[in-house]
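Morning, everyone. I have one structure to walk through today. Please have a look at the model first.

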Amino acid sequence: MTVLEQAKALGPYMASIRETIHAYPELGNEEHQTAGVIARELKRLGIGYQTGVANTGVVGLLKGEKEGEEKTILLRADIDALPIQEQNDLPFASQNAGKMHACGHDVHTAMLLGAAEILASRKDLFSGNVKFCFQPAEEAPEGGAELMVKEGVLENPKVDFAMGLHVNPTFPIGQCAVTEGPVTACPDFFTIEFLGKGGHGSLPHLAKDPIAPLAQFVTQLPQVRTKINAQHPCVIQLCSFHGGTAPAVIPDCCKGEGTVRVFQKEDSFQAEAELKQLAEAIAQAYGVTCRFHYRRRCFSVVNDPAFAARVRQSTADIFEQGFREHRDMGGDDFCFFSDKVPSIYMPIGSYDGTEKTAYPLHHPQFNIGYGVLEKGAAALAQCALDFLSGVWQ
Ligand SMILES: [Zn+2]
Ligand SMILES: [Zn+2]
């Protein structure tokens with residue numbers, strides 16, 4: 001039986017795991033029930049594991065039984081949900097009000113357990129180790145990946161290669177992307193506050209209006225873009241704008257929040273400097289003060305070119321719709337792994353041709369076509385087998 005055939009046979013198992021986790025979504029660092037399901041399944045498979053890694057993460061370790069070089073591959077699934085109220089009418093829809101697996105992390109978890117079952121049944125075929133890394137809090141501001149790395153997930157045994165998948169509803173099932181170099185953006189965030197002096201709306205000359213400066217700041221954001229290398233992708237977007245409470249009261253403060261998405265570290269630092277300079281220039285022109293805060297969560301996930309070629313070769317039969325080039329303006333804290341060890345992060349298609357699987361990630365009606373489960377599990381298992389049995393030498 002091929003790895004893909006075995007993954008197909010595990011389809012109903014993975015679907016049931018996915019539905020169990022989908023029905024009880026848990027936010028970052030609260031994934032106790034989810035971790036319980038993972039631990040139960042690893043135990044059933046005879047795979048040793050550690051719980052409580054980076055609060056609520058689980059790490060399984062499977063040792064190959066073949067004589068040979070002892071390398072270690074880490075396979076990562078994120079396990080947390082989002083603070084979104086699900087709008088799907090499904091028998092396994094979220095039972096936890098205001099929480100939903102709208103980013104497919106329930107699917108990633110099920111696929112990694114499927115891969116674990118495939119690899120456990122083939123441990124006589126490889127040497128070295130597979131680390132199954134079930135990572136909490138990918139969506140949280142203080143991501144789980146960074147803490148897992150700090151707690152030593154890349155050591156004992158030392159990881160030589162790491163892989164992670166993400167479902168993608170803009171690709172059909174059977175298609176994926178193994179793009180070289182940076183594949184996700186730096187997800188940066190900024191807050192800008194203009195602080196004036198409140199007063200009566202009829203007497204603006206006695207007040208200092210903080211709304212007009214923020215309005216000007218928004219309209220000048222395209223100018224900031226022109227300062228960043230035109231050949232590099234760059235998004236600078238204000239997403240919230242708050243000031244005032246009544247039609248005739250000038251407020252003291254007006255606050256905006258936004259995001260910057262770039263792929264290069266230097267662009268991230270330049271965007272920060274340019275935005276700060278713009279805010280200060282506007283504040284000065286209006287005679288108000290400003291507070292500017294820029295927050296960096298992680299940098300880009302970067303794919304290793306040599307491993308990209310090997311992964312494409314090993315998974316060509318699994319992804320019958322082929323490979324495409326893809327860089328995502330979203331971020332993923334998988335970058336804390338790809339920063340330290342050669343890595344591959346691949347978006348894989350979850351769209352099955354029906355409208356219900358076409359909603360974007362983070363949408364309250366997000367859903368997947370179940371065909372993606374066997375693709376993801378087979379890809380992870382096949383790459384682990386090929387890496388640890390010398391096929392990639
Ligand atoms: Zn997400
Ligand atoms: Zn995600």
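Before the strands, one term: two strands pair if DSSP finds at least two bridges between them. And a reminder: this is a predicted model.

Let's start with a hairpin. Strand 1 and strand 2 form it, with three residues between them. Look at the turn. Ala-54 sits there with a positive phi of about 50 degrees. Strand 1 covers residues 48-53. Its pairing with strand 2 is antiparallel, over five bridges.

Now the domains. The domain assignment gives two. Domain 1 is written in two pieces, 3-182 and 300-388. Domain 2 is 186-296. How far apart are their C-alpha centres? They lie 38 Å apart. The contact takes six residues from domain 1 and five residues from domain 2. On the domain 1 side, the touching residues are two nonpolar, three polar and one charged.

Four strands make an open one, in the order 10-12-8-13, with antiparallel pairing. Which strands are at the edges? Strand 10, at 234-243, and strand 13, at 289-296; each pairs on one side only. From one strand to the next, the twist averages 15 degrees.

Inside that order, look at strand 8, residues 186-195, and strand 12, residues 253-262. They run antiparallel, and 10 bridges join them. For a landmark, take Asp-188, which stands opposite Val-260 in strand 12.

Then there is helix 8, residues 265-286. Helix 8 lies across strand 8, strand 10, strand 12 and strand 13. Against strand 13, helix 8 runs at about 170 degrees.

On to the inside. The largest nonpolar core has 107 residues. Which of its residues touch the most other members? Leu-75, Met-111, Ala-377, Leu-380, Ala-381 and Ala-384. Helix 11, residues 371-388, gives the most to this core, with 12 residues. Each of domain 1 and domain 2 supplies at least three residues to this core.

Zoom in on Met-111. Leave out residues up to four places away in sequence. Met-111 then touches Met-14, Ala-77, Leu-165, Leu-373, Gly-376, Ala-377 and Leu-380. Another core, of six residues, lies apart from the largest one. Among its residues are Ala-81, Leu-82, Met-100 and Phe-366.

Last stop: His-108, in helix 4, residues 105-120. Why does His-108 count as buried? Because 27 other C-beta atoms lie within 10 Å, and the cut-off for buried is 20 or more. Leaving aside neighbours within four places in sequence, His-108 is in contact with Ala-77, Asp-78 and Leu-165. Glu-65 is 43 residues from His-108 along the chain, and their C-alpha atoms are separated by 27 Å.

That's my tour. Over to you.

Key:
Residues are numbered from 1 along each chain as its sequence is written. Chains are lettered from A and ligands numbered from 1 in the order in which they are written. This is a predicted model: local features need pLDDT of at least 70, side-chain atom pairs count only at pLDDT 80 or more; totals for chains, interfaces and linings use all residues. Domain bounds come from an automatic or database domain assignment. Two residues are in contact if their C-beta atoms, placed from the backbone, lie within 7 Å. Ala, Val, Leu, Ile, Met, Phe, Trp, Tyr, Cys and Pro count as nonpolar, Asp, Glu, Lys and Arg as charged, and the others, Gly among them, as polar. A nonpolar core is a set of buried Ala, Val, Leu, Ile, Met, Phe, Trp, Tyr and Cys residues joined through C-beta atoms within 7 Å. A residue is buried if 20 or more other C-beta atoms lie within 10 Å of its own, exposed if 12 or fewer, and partly exposed in between; C-beta atoms are placed from the backbone. Helices (H or I, at least four residues) and strands (E, at least two) are DSSP runs, numbered from the N terminus. Axes are lines fitted to C-alpha atoms, for helices over the stretch in contact, and angles run from 0 to 180 degrees between N-to-C directions.
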